[in-house]
Amino acid sequence: MSVAGLIALGCDRKTKVPGAKPRAREPGQPLRILVLGGTGFLGPHFVEAALAKGHTLTLFNRGKTNPHLFPELEKLHGDRKTGDLAALEGREFDAVVDNSGYLPKHVQQSAELLQTSGQYLFVSSVSAFRDQGQPGLKESDPVAPLTDPETEDVMANYGALKAACERAAEAAMPGRVTVIRPGLIVGPGDESDRFTYWPVRLERGGEVLAPGNPDDPVQLIDVRDLAGFMLRMVERESCEVYSVVGPSERLSVQGMLEGCIAALGSSATLTWADAEFLASEAVEPWSQLTVWVPPGSEFGGLGSVDGSKAWAAGLTTRPIGEIAKDTLAWWKGLPEERREQPRAGLSAEREVEVLAAWHGRESSTS
């Protein structure tokens with residue numbers, strides 16, 4: 001049976017794993033949860049959601065990223081990159097949440113060491129799919145092959161490595177793995193600035209360069225909604241694969257931008273430039289005109305992944321306007337020097353140049 005088939009069976013308490021004696025869970029019982037990471041972007045939101053439900057949390061990390069967070073929790077220090085997992089030896093938990101695994105050998109080491117625990121939730125990505133240009137991708141669709149099993153180049157092999165991590169977790173804890181494949185994760189704390197570019201730019205007002213066709217689909221998931229869904233899957237012991245994307249109703253790039261404008265009370269006006277023109281101007285989707293990927297392109301399917309399975313399992317998402325307002329409020333609380341160096345989006349100067357070129361083209365053809 002394939003790895004995807006094994007995972008789809010759900011948590012199997014009868015699976016024979018040497019030394020595995022996970023305790024039986026009672027409905028509503030507080031759980032002992034280990035988070036591998038827990039102090040970056042997604043981790044703190046998951047920890048806060050789990051603490052609010054009365055669960056007992058332990059964090060394992062290097063102690064270098066936001067070490068001030070959660071001083072009341074047990075913290076185990078080590079380093080997955082160097083194989084320093086000694087702090088985990090002999091430990092057992094009801095569930096392990098791995099949101100810091102990027103290389104299969106790291107996932108294998110941690111999952112094997114913790115295999116007496118009850119459940120292993122691995123945060124993967126929709127980038128794990130093989131055919132990312134295909135619209136409507138489902139959990140059962142093929143994942144990307146890892147052509148070089150020894151590679152550690154995460155940037156060049158991100159999706160294939162995430163898929164290999166999924167297999168490594170399942171091999172170590174068969175029948176007890178939950179795979180979460182999020183789309184673009186956004187919201188307060190997102191250091192990538194990908195979605196953040198839009199509320200920041202739209203609040204400024206004026207003429208805004210908008211990408212592609214207004215009806216082009218986009219998908220994003222607020223980090224708080226993702227964390228809440230992960231917790232529910234842990235509480236239910238739902239050991240399956242879920243593509244976690246939102247919203248439940250199809251969202252277009254126009255709907256996203258106009259939703260932000262309305263929520264922010266912005267005076268911005270949108271000028272739509274098609275994908276062909278933007279390519280001629282070397283304006284990059286995703287990294288410069290963020291969130292948007294042209295349909296029909298190599299990665300165009302990542303704007304329309306089928307998220308119906310997660311929705312049926314209880315995923316809920318907040319309105320785009322709420323996400324925009326909360327993200328902008330977080331952004332404004334950052335140091336000025338950080339806000340002066342956004343990590344994604346078009347600079348104001350470049351946007352003016354591209355808009356001028358677009359209007360010039362319109363004038364020459366009229």
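**Figure 1. Helix α4 and its covered residues.** Helix α4 is mostly covered, since twelve of its 15 residues are buried, where buried means under 20% relative accessible area, exposed over 50% and partly exposed in between, calculated with a 1.4 Å probe on protein chains only. The structure is a predicted model, in which local features need pLDDT of at least 70, side-chain atom pairs count only at pLDDT 80 or more, and totals for chains, interfaces and linings use all residues. Residues are numbered from 1 along each chain as its sequence is written, and side-chain values use heavy atoms, with hydrogens and water left out. Helices (H or I, at least four residues) and strands (E, at least two) are DSSP runs numbered from the N terminus. The 15 residues of α4 (residues 158–172) should span 21 Å at 1.5 Å a residue, and the end C-alpha atoms are 21 Å apart, which agrees; the expected span is 1.5 Å times one less than the number of residues. Among the buried residues of α4 are K162, E166 and E170, together with alanines including A160 and A172.

**Figure 2. The surroundings of L161.** L161 is found in helix α4 and, at 1% relative accessibility, counts as buried. Not counting residues up to four places away in sequence, L161 touches Y102, L103, P104, L146, T151, D153 and V154, a contact being heavy atoms within 4.5 Å. D148 is 13 residues from L161 in sequence and 9.7 Å from L161 in space, C-alpha to C-alpha.

**Figure 3. Cysteine C165.** C165 is another of the buried residues of α4, with a relative accessible area of 0%. Taking a disulfide as a pair of cysteine sulfur atoms within 2.5 Å, the count comes to zero disulfides. C165 is accordingly in no disulfide, and the nearest cysteine sulfur, that of C239, is 18 Å away.

**Figure 4. T58 in strand β2.** T58 is found in strand β2 (residues 56–61) and counts as buried at 4% relative accessibility. Leaving aside neighbours within four places in sequence, T58 is in contact with I33, L34, V35, E74, L76, R91 and F93.

Figure 5. Helix α5 (residues 197–204) gives the most to the lining, with four residues. The lining divides into seven nonpolar, three polar and four charged residues. In α5, Y197, W198, P199, R201 and L202 are buried, and the helix is followed by G205, whose phi is positive, near 80 degrees.

Figure 6. The peptide bond from G246 to P247 is cis, with omega near -5 degrees, and P247 lies in the loop between β10 (241–244) and α7 (253–264). N66, in the loop between β2 and β3 (74–77), has a positive phi near 45 degrees and is partly exposed, with a relative accessible area of 31%. A282, in the loop between α8 (275–280) and β12 (285–286), has a positive phi near 60 degrees and is exposed, with a relative accessible area of 57%.

How values were computed. Nonpolar A, V, L, I, M, F, W, Y, C, P; charged D, E, K, R; others polar.
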